[in-house]
Amino acid sequence: MFDLFLQGGSYQMSLLTVELICMLFAAWKAPAWVKEIGLLALVTGIFLQILGMYHAFGVIQQAGDISLSLLLGGFKVSFISIMYGMLIYGASLVIRMLQKPKI
């Protein structure tokens, strides 16, 4: 798990981890914000993936001929931040469902 954290980029994954901590704190203090913070984590993950791919495509354009395995390895790494954001969003939905009053 720590290897995925490092592969995803320390800045990007730290930003998502801060959003996770904020969501857990909101579950305790401000339950109405849990889903919104989870959605913010999802959007942040998508943005970070697009940003990473933009930078990677710029490097590929400068380098010229790149092997397919190297390109697919980069795609694999770019999906780490979006998967983490999706997990945070999923956790926010579960927390939100548990906090709702029962009918």
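Mentor: Setting aside neighbours within four places in sequence, Q49 has contacts with S78, F79, S81 and I82. Keep in mind that this is a predicted model.

Trainee: What confidence does the protein have, and where is confidence lowest and highest?
Mentor: The mean pLDDT of the protein is 90, and 99% of its residues reach 70 or more. Confidence is lowest in helix α1 (residues 2-7), with a mean of 80, and highest in helix α2 (residues 10-29), at 93.

Trainee: Back to Q49, then. Where is Q49 found, and why is Q49 called buried?
Mentor: Q49 belongs to helix α3 (residues 34-63). Its relative accessible area is 9%, and buried means under 20%, so Q49 is buried.

Trainee: How far is Q49 from G8 in sequence and in space?
Mentor: The two are 41 residues apart in sequence, while their C-alpha atoms are 9.4 Å apart in space.

Trainee: Which residues of α3 are buried, and what do they pack against?
Mentor: The buried residues of α3 include V34, I37, A41, L48 and Q49. The buried residues of this helix pack against α2 and α4. After α3 comes G64, with a positive phi near 95 degrees.

Trainee: S81 was among the contacts of Q49. Is S81 buried or exposed?
Mentor: S81 sits in helix α4. Its relative accessibility is 5%; the cut-off for buried is under 20%, so S81 counts as buried.

Trainee: What does S81 touch?
Mentor: Not counting residues up to four places away in sequence, S81 touches M13, L16, G45, L48 and Q49. S81 and G9 are 72 residues apart in sequence, yet 8.4 Å apart in space, C-alpha to C-alpha.

Trainee: What makes L98 exposed?
Mentor: L98 is in helix α4 (residues 68-99). Its relative accessible area is 70%, and exposed means over 50%, so L98 is exposed.

Trainee: Which residues form a nonpolar patch on the surface?
Mentor: V94, M97 and L98 form that patch, and together they have about 350 Å² of accessible area.

Note on methods: Residues are numbered from 1 along each chain as its sequence is written. This is a predicted model: local features need pLDDT of at least 70, side-chain atom pairs count only at pLDDT 80 or more; totals for chains, interfaces and linings use all residues. Side-chain values use heavy atoms; hydrogens and water are left out. pLDDT is the predictor's confidence in each residue, from 0 to 100. Helices (H or I, at least four residues) and strands (E, at least two) are DSSP runs, numbered from the N terminus. Patches are made of residues with over 30% relative accessible area and no salt bridge: like charges are joined within 9 Å, nonpolar side chains (Val, Leu, Ile, Met, Phe, Trp, Tyr) within 5 Å. Accessible areas come from the Shrake-Rupley method with a 1.4 Å probe; for residues, only the protein chains shown count as cover. A salt bridge is a side-chain nitrogen of Lys or Arg within 4 Å of a carboxyl oxygen of Asp or Glu. Buried means under 20% relative accessible area, exposed over 50%, partly exposed in between (1.4 Å probe, protein chains only). Contact means heavy atoms within 4.5 Å.
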